[in-house]
Amino acid sequence: MRETPNFAGWSVTVLHREDSNTERLLRQLRLLGLKATMQWKPITTSHLPDMVIVDADQGFDDLLPWGGDLPTIPVAALLGSEAPGRIAWALKQGASAIIAKPVAASAVYPALVMALSIHEERKAAAAHAVHLEERLRLRPIVHAAVRKIAERHQVDDDRAYGILRRSAMSRRMPMEQLAASILGGVEPLPEAS
Amino acid sequence: MGFFIFGVPVRNAVKIGILYSTTGPYAAMGRDARDGAQLAIEELGAAGMAVEPVFVDPHADLGAYLDGARHILRDAGCRHIVGTITSAARKEVIPLVEKYDGLLWYMCPYEGFEANENVVYIGGCPNQHLLPLFDYLIPRFGSRPYLVGANYVWGWEMNRLARELITNAGGTVLGERYLPLEETAVERILSDIEQRRPSFVLNNLIGPSSYAFLEGMRRLAERDPAFLPENCPVVSCDLMECELEDIKPGAALGQLCAASYFDSVETPENSEFKSRVAARFGAGRRVSSIFASAYSAVKLCAEAVLAAGSDDPEAVRRELYGASWPSLLGPLSIDAETNHAALPFHLGQINTENGFDVIASRPALAADPYLTGKRSAPSPKLRVVS
């Protein structure tokens, strides 16, 4: 079960000019326990809050410091317009939730929960992709180690792969690392079992 | 149209829409709430504070709540509505109240996670009922409850929170079951409970489902004393005096309920209030928490409008926040950020006279609708009064 999301003590920067929308938004953020500040100038990576809410109607590219890359903190966008260009801008900033203007009090908490949850999912997916890419990059090394084991033990590649895998598991190390160690002569060839 | 409308025109009176269903699955509550509102209007009138009520009865039909609220706000020109009982109805009406910039005075216990500028909440959210209830139950009965609920947002959210509280306490939820609003076939749930043997049962059913469930638990206890209320109580946050008449005599005896008011609460204000209720509605009439909170809501609304000199919601809110309002529930203060009232906690045990004996109480707790923890005052130990 997911725990009830709680934002008490979080810092949030609202990038918006002051108006009646921000008044209602800030009130709701305060009662959700967040420490909210509002500004209409770019945020810098040295002073990042825990979360950012940005005006996608008026927003310009330098407001947020990640220039189209995956944001390092959750982003929600305030949006009154339906203009496709503004929606695209919000997406480009990495916004993972929208709070429609005029701001309804009941829209704020759901947007924070969505923004956070999707941000976490994206982070996890990106980390997973990096991990998979690394493994893919090391495939030739694994393949070379499998060939070496197959030749030594006179078995086919599938058996050899099984030997390498079991051996890596019993040493509690990634197969790629064991393969590199075998090829580098650091580890002896695993025994067939 | 699915509702009846009748207004009482009074010159320069405070106009308040009263929106309750007096038929349908929670009719007993709706009738009591309406009577509570009526009594407040009569007393205010006698004291020279005229209220012009616009009564609307949506007969428990969600669509009719919307039509009714629109009639009150647009056609009758009220800025204030006291009413709605279920969270489904409240959530249905809120967008209209926002559109016409009115104030909804919601006076029932609810599941929290809401704090709308256009709503004044005086019925209590989970840190005012469910959390202190579990503080009482877990050390005494254990942390392996069974959860039952009505199949809509109240049941779902209350049970979700209960599960979280139990998990944090290192316990286990032994089962979780839902029934549609008017469903009374409880046998499958009962046999599951009999098999799993929980430490207590959290009952978030409402109306006839709840009554059938309580009667079923009594039959179970007659077969197996492990399910007597002293061993495995059925506890709720929404059972009221006005409903106990509808439950088979003795069936709910000994079960527990949390509320911010019981008929039996011993304060001078309450005994005076009860004698006024007896004079108006007859000596046998028990005051339920919903009667008391509807009464309190209408009084608070009218007094705040008169103090503000206008029924403009912003002026009324400003007036509300600044003061502590004497009420039947004790001095009421409304938090300016959450629009929620601080409320006392009472734990009632159903007695042989279809009433509740108050067995534990806490002084007024500030509401923390989003459970951020920052508003929950350092929790005073529960004062056990008997």
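1. **Ground rules.** This is a predicted model, in which local features need pLDDT of at least 70, side-chain atom pairs count only at pLDDT 80 or more, and totals for chains, interfaces and linings use all residues. Residues are numbered from 1 along each chain as its sequence is written, and chains are lettered from A, with ligands numbered from 1, in the order in which they are written.

2. **Where the chains meet.** On chain B, 15 residues are in contact with 14 residues of chain A (contact means that the C-beta atoms, placed from the backbone, lie within 7 Å). The chain B side comprises seven charged, four polar and four nonpolar residues. Here Ala, Val, Leu, Ile, Met, Phe, Trp, Tyr, Cys and Pro count as nonpolar, Asp, Glu, Lys and Arg as charged, and the others, Gly among them, as polar.

3. **Domains of chain B.** Domain 1 covers 5-123 + 267-343 and domain 2 covers 127-264 + 345-384; such bounds come from an automatic or database domain assignment. The centres of these two domains of chain B, taken over C-alpha atoms, are 26 Å apart.

4. Helices here are DSSP runs (H or I, at least four residues), numbered from the N terminus.

5. **A look at α1(B).** This helix has 20 residues and spans 28 Å from its first C-alpha to its last, close to the expected 28 Å (the expected span is 1.5 Å times one less than the number of residues). After α1(B) comes B:Gly48, with a positive phi near 85°.

6. **Chain A.** Its assignment gives domain 1 (11-120) and domain 2 (138-183), with centres 49 Å apart over C-alpha atoms.

7. **A helix pair in chain A.** Helices α5 (residues 157-171) and α6 (residues 175-183) of chain A pack at about 105°, with axes 9 Å apart. Axes are lines fitted to C-alpha atoms over the stretch in contact, and angles run from 0 to 180 degrees between N-to-C directions. α5(A) and α6(A) are therefore roughly perpendicular (65 to 115 degrees). Residues making the contact include A:Leu164 and A:Ala168 of α5(A) and A:Leu178 of α6(A). This contact has five nonpolar, one polar and two charged residues.

Methods
Contact = placed C-beta atoms within 7 Å. Helix = DSSP H or I, 4+ residues; strand = E, 2+ residues; numbered from the N terminus. Parallel < 35°, antiparallel > 145°, perpendicular 65-115°, else oblique.
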